[in-house]
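The entries follow the order in which I looked things up.

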Amino acid sequence: QLQLVESGGGLVQPGGSLRLSCAASEFTLDYYAIGWFRQAPRKEHEGVSCISRSGGVTNYADSVKGRFTISKDNAKNTVYLQMNSLKPEDTAIYYCAASSSPIAQITCLTSLRPEPFGSWGQGTQVTVSS
(Lines give C-alpha, C1' and ligand atoms only; values in the text may rest on other atoms or scores of the structure.)
Protein backbone atom coordinates (compact mmCIF):
# COMPACT_ATOMS: atom_id res chain seq x y z
CA GLN A 1 0.00 0.00 0.00
CA LEU A 2 1.49 3.28 -1.10
CA GLN A 3 1.52 5.89 1.62
CA LEU A 4 1.82 9.60 1.01
CA VAL A 5 1.86 12.25 3.71
CA GLU A 6 1.38 15.93 2.94
CA SER A 7 2.56 18.69 5.25
CA GLY A 8 3.32 22.39 5.20
CA GLY A 9 -0.15 23.84 4.93
CA GLY A 10 -1.41 26.67 7.08
CA LEU A 11 -2.79 30.17 7.22
CA VAL A 12 -0.95 32.82 5.22
CA GLN A 13 -1.69 36.37 4.15
CA PRO A 14 -2.22 37.24 0.49
CA GLY A 15 1.15 37.60 -1.20
CA GLY A 16 2.77 35.19 1.21
CA SER A 17 4.47 31.85 0.60
CA LEU A 18 4.18 28.26 1.72
CA ARG A 19 6.05 25.11 0.82
CA LEU A 20 4.08 21.90 0.80
CA SER A 21 5.80 18.54 1.15
CA CYS A 22 4.65 15.13 -0.02
CA ALA A 23 6.64 12.39 1.66
CA ALA A 24 6.47 8.80 0.52
CA SER A 25 6.95 5.65 2.52
CA GLU A 26 7.03 2.02 1.46
CA PHE A 27 8.04 2.99 -2.08
CA THR A 28 10.60 5.10 -3.87
CA LEU A 29 9.44 8.11 -5.81
CA ASP A 30 11.92 7.40 -8.61
CA TYR A 31 9.31 5.25 -10.32
CA TYR A 32 6.27 7.44 -9.79
CA ALA A 33 4.78 10.52 -11.34
CA ILE A 34 3.44 12.84 -8.66
CA GLY A 35 0.59 15.25 -8.95
CA TRP A 36 -0.63 18.00 -6.68
CA PHE A 37 -4.37 18.61 -6.68
CA ARG A 38 -6.60 20.85 -4.63
CA GLN A 39 -10.22 20.99 -3.63
CA ALA A 40 -11.93 24.15 -2.46
CA PRO A 41 -15.29 24.05 -0.65
CA ARG A 42 -18.13 23.05 -2.99
CA LYS A 43 -15.74 22.60 -5.90
CA GLU A 44 -14.31 19.58 -7.68
CA HIS A 45 -10.71 18.47 -7.51
CA GLU A 46 -8.50 20.76 -9.55
CA GLY A 47 -5.13 19.81 -10.97
CA VAL A 48 -2.38 22.14 -9.76
CA SER A 49 0.90 20.65 -10.90
CA CYS A 50 2.58 17.41 -11.92
CA ILE A 51 6.12 16.12 -12.11
CA SER A 52 7.31 13.17 -14.14
CA ARG A 53 8.96 10.06 -12.76
CA SER A 54 12.36 11.37 -13.75
CA GLY A 55 11.60 14.80 -12.36
CA GLY A 56 12.59 16.32 -15.66
CA VAL A 57 9.14 17.30 -16.92
CA THR A 58 6.59 19.39 -15.10
CA ASN A 59 3.18 20.87 -15.77
CA TYR A 60 1.21 23.63 -14.08
CA ALA A 61 -2.33 24.90 -14.14
CA ASP A 62 -2.61 28.30 -15.78
CA SER A 63 -3.87 29.73 -12.51
CA VAL A 64 -0.59 28.96 -10.73
CA LYS A 65 2.02 29.33 -13.48
CA GLY A 66 4.81 31.63 -12.46
CA ARG A 67 3.83 31.40 -8.80
CA PHE A 68 4.14 27.70 -7.92
CA THR A 69 7.11 25.40 -8.44
CA ILE A 70 7.06 21.61 -8.14
CA SER A 71 10.25 19.70 -7.43
CA LYS A 72 11.34 16.22 -6.49
CA ASP A 73 14.11 15.25 -4.05
CA ASN A 74 14.71 11.56 -4.59
CA ALA A 75 17.27 11.38 -1.80
CA LYS A 76 14.59 12.48 0.66
CA ASN A 77 11.82 10.64 -1.19
CA THR A 78 9.81 13.83 -1.12
CA VAL A 79 8.07 16.08 -3.63
CA TYR A 80 7.66 19.76 -2.86
CA LEU A 81 5.26 22.44 -4.03
CA GLN A 82 6.67 25.89 -3.46
CA MET A 83 3.81 28.38 -3.51
CA ASN A 84 4.60 32.08 -3.79
CA SER A 85 2.41 35.17 -4.23
CA LEU A 86 -0.52 33.31 -2.76
CA LYS A 87 -4.03 34.58 -3.43
CA PRO A 88 -7.29 34.01 -1.55
CA GLU A 89 -8.48 31.84 -4.44
CA ASP A 90 -5.65 29.42 -3.68
CA THR A 91 -7.46 28.46 -0.47
CA ALA A 92 -8.18 24.73 -0.59
CA ILE A 93 -7.17 21.35 0.71
CA TYR A 94 -4.09 20.28 -1.21
CA TYR A 95 -3.49 16.62 -1.97
CA CYS A 96 -0.57 14.81 -3.54
CA ALA A 97 -1.07 11.65 -5.55
CA ALA A 98 1.25 9.08 -7.04
CA SER A 99 1.13 6.67 -9.94
CA SER A 100 3.64 4.44 -11.71
CA SER A 101 1.36 4.16 -14.72
CA PRO A 102 2.64 5.74 -17.95
CA ILE A 103 -0.97 6.70 -18.71
CA ALA A 104 -1.25 8.58 -15.44
CA GLN A 105 1.99 10.40 -16.15
CA ILE A 106 0.94 11.39 -19.66
CA THR A 107 -2.53 12.42 -18.48
CA CYS A 108 -1.18 14.53 -15.67
CA LEU A 109 1.52 16.17 -17.73
CA THR A 110 -0.93 17.07 -20.50
CA SER A 111 -4.23 17.76 -18.75
CA LEU A 112 -3.68 17.60 -14.97
CA ARG A 113 -6.59 15.22 -14.53
CA PRO A 114 -6.66 13.26 -11.24
CA GLU A 115 -8.57 10.14 -12.36
CA PRO A 116 -5.60 7.89 -13.21
CA PHE A 117 -3.96 8.39 -9.82
CA GLY A 118 -4.66 5.59 -7.37
CA SER A 119 -2.65 6.57 -4.32
CA TRP A 120 -3.51 9.73 -2.43
CA GLY A 121 -2.40 11.48 0.73
CA GLN A 122 -4.76 12.75 3.38
CA GLY A 123 -4.45 16.40 2.34
CA THR A 124 -3.20 19.59 3.96
CA GLN A 125 -5.26 22.75 4.36
CA VAL A 126 -4.01 25.99 2.83
CA THR A 127 -5.87 29.16 3.78
CA VAL A 128 -4.95 32.50 2.25
CA SER A 129 -6.62 35.33 4.10
CA SER A 130 -5.86 38.67 5.66
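Below are my entries on the aromatic rings, the helix, the paired strands and one serine.

**Ground rules.** I am working from a predicted model, in which local features need pLDDT of at least 70 and side-chain atom pairs count only at pLDDT 80 or more, while totals for chains, interfaces and linings use all residues. I number residues from 1 along each chain as its sequence is written, and the side-chain values use heavy atoms, with hydrogens and water left out.

**Aromatic rings.** I looked up the ring pairs and found four, where rings of Phe, Tyr and Trp (its six-membered ring) pair if their centres lie within 6.5 Å, and planes under 30 degrees apart count as stacked, over 60 as edge-to-face and the rest as tilted. The pair of F37 and F117 is edge-to-face, because the ring centres are 5.6 Å apart and the planes stand at 65°. F37 belongs to strand β4 (residues 33-39) and F117 to the loop between α1 (102-111) and β10 (119-120), so this pair ties together parts 80 residues apart in sequence; helices (H or I, at least four residues) and strands (E, at least two) are DSSP runs, numbered from the N terminus. I noted that F37 and F117 are both buried, which is to say under 20% relative accessible area, with exposed meaning over 50% and partly exposed in between (1.4 Å probe, protein chains only).

Since W120 lies in strand β10 and F37 in strand β4, the pair ties together parts that are 83 residues apart in sequence. F37 has a relative accessible area of 0%, whereas W120 is partly exposed at 28%. I then saw that F37, Y95, F117 and W120 make up one aromatic cluster.

**Helix α1.** Which residues of α1 are buried? I found A104, Q105, T107, C108 and L109, and the buried residues of this helix pack against β4, β5 (46-51), β6 (58-60) and β9 (92-99), with contact meaning heavy atoms within 4.5 Å. At the N-terminal end, S101 caps α1 through a side-chain oxygen 3.1 Å from the backbone nitrogen of I103. Just after the helix, L112 has a positive phi of about 60°.

**Strand β8.** I recorded β8 (residues 78-83) as largely enclosed by the rest of the structure, because five of its six residues are buried. Strand β3 (residues 18-25) runs antiparallel to β8 and is joined to it by six bridges, two strands being paired if DSSP finds at least two bridges between them. L20 has L81 in β8 as its bridge partner. β8 also pairs with β7 (residues 68-73), again in the antiparallel sense and over six bridges, and F68 stands opposite M83. The hairpin of β7 and β8 has four residues between the strands, and N77 there takes a positive phi near 55°.

**S49.** Where does S49 sit, and is it buried or exposed? I placed S49 in strand β5, where it counts as buried at 0% relative accessibility. Its side chain reaches the backbone oxygen of N59 at 2.9 Å. Not counting residues up to four places away in sequence, S49 touches several residues, including W36, Y60, I70, L81 and L112.

Definitions and conventions. Polar contact = N/O pair within 3.5 Å; in protein donor to acceptor, adjacent residues only side chain to side chain.
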